[in-house]
Amino acid sequence: MPESSHGTKPGTALTSVLGTRYPVIQGPFGGGLSTAELTVAVSEAGGLGSYGVHAMAPDRIGPLVDRIRAGTSAPFSVNLWIPRAEEERPVPDTATLTTHTDRLAAHYSGFGLTPPDLDTVNARVDFDAQVDAVLAARPPVISVVMGLPPQRLVQGARRIGAPIVGTATTVAEARALQEAGCDVVVASGSDAGGHRGSFLAPVRESLVGTFSLVPQVSDAVTVPVVAAGGIADGRGVAAALTLGADGVQVGTGFLRTEESGASPVHRTALASERAETTVLTRLFSGRPARGIANDLVRAMADAEDRVPPYPAQNNLMLPIRTKAAELGRPDLLNLWSGQSALLASGGAAGDYLAALVAGAEKALGAPL
């Protein structure tokens, strides 16, 4: 039986910390892609269901956790984005805003939309209030991405008995997360879908592939390591465990399942040949994120370095993205996807998790 460098057999160290049956974490989504139903389904099936609350008003977090807890007695995770200093600068004035709305004018008018005003573009969620709300809700597990968890969150998590899962895109970030108090480190390779979590160096200097990153992180830290990025079937799970990971985090594969909040047009794209081509882009949110290349990404490629940071660009694009999803327009929609979307089976989340486990056990010749 193959052994993990962190446990007696694949997954042992991770499942001991998280309290799950299997060493599989559902990647936390945000922006409407997370659902309580998906979180519950994954946790009930033996993995760690996750819900991204980074865009959620603090007063909605408690009721959400209550709803998930009503659906499962198994562990689940709530995920927060750590604020970035460079994103605290708002769009300064109406003249600057006009340069950004003019860039998108054809898309606003095409959908009959009024461009957002300055207050709407500069709106942001109160992170400190989110931390308070998460700690008050007492979820079984807390995860963070985009940076180091503040000590107030670490201490609060210790008080409520919730392990903290941090996300690293480099070995240096993994070491920093362990030093900051994280109980688990996700090693997120450049093949992962959605937003990149790099925080110690620019994203362009932090694009390490999953199967290069995982063994190096496993050697560098003593806490359990979770491989993320490009893992969508049992073969990927087995490969990650063989390279020293204690478990895996699967995002895009669960995004394809019936319970996810992805729009029908998004799920269709993830199951099509279009998913063979993905790119990193800032155009939809202001933060680099991997998604399927489409008409908007190609047509506006020269604006990648000129759009404002998150959350301003996210707020500028939100009306367009919402309409595109409603009208089934993949050419204007953020089709977040990792590089192995076509390896996922879709269907019900519980069935997909079972297929991941069965495939991994077959490849490893051992139970997870």
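Over how many bridges do β2 and strand β3 pair, and in which sense? In this predicted model, β2 and β3 (residues 76-81) are joined by four bridges in the parallel sense.

Now take in the whole sheet. It is open and has eight strands, with parallel pairing. The order reads β1-β9-β8-β6-β5-β4-β3-β2. At the edges are β1 (24-26) and β2 (49-52), and each of them pairs on one side only. From one strand to the next, the twist averages 25 degrees.

Helix α9 (residues 171-180) lies across β5 (164-168) and β6 (184-188). It runs at about 160 degrees to β5.

The largest nonpolar core holds 99 residues. Those with the most contacts inside this core are Val53, Ile142, Leu153, Val217, Val237, Phe254 and Leu368. Helix α16 (residues 349-364) contributes the most to the core, giving seven residues. Another core lies apart, with ten residues, among them Leu14, Leu48, Val141 and Ala228.

Leu153 deserves a look of its own. Neighbours within four places in sequence are set aside here. Beyond them, Leu153 is in contact with Leu80, Val131, Leu135, Ile142, Val144 and Ile164. Both Leu153 and Ile142 are on the list of residues with the most contacts inside the largest core.

How values were computed. Residues are numbered from 1 along each chain as its sequence is written. This is a predicted model: local features need pLDDT of at least 70, side-chain atom pairs count only at pLDDT 80 or more; totals for chains, interfaces and linings use all residues. Side-chain values use heavy atoms; hydrogens and water are left out. A nonpolar core is a set of buried Ala, Val, Leu, Ile, Met, Phe, Trp, Tyr and Cys residues joined through side-chain atoms within 4.5 Å. Buried means under 20% relative accessible area, exposed over 50%, partly exposed in between (1.4 Å probe, protein chains only). Helices (H or I, at least four residues) and strands (E, at least two) are DSSP runs, numbered from the N terminus. Contact means heavy atoms within 4.5 Å. Two strands pair if DSSP finds at least two bridges between them. Axes are lines fitted to C-alpha atoms, for helices over the stretch in contact, and angles run from 0 to 180 degrees between N-to-C directions.
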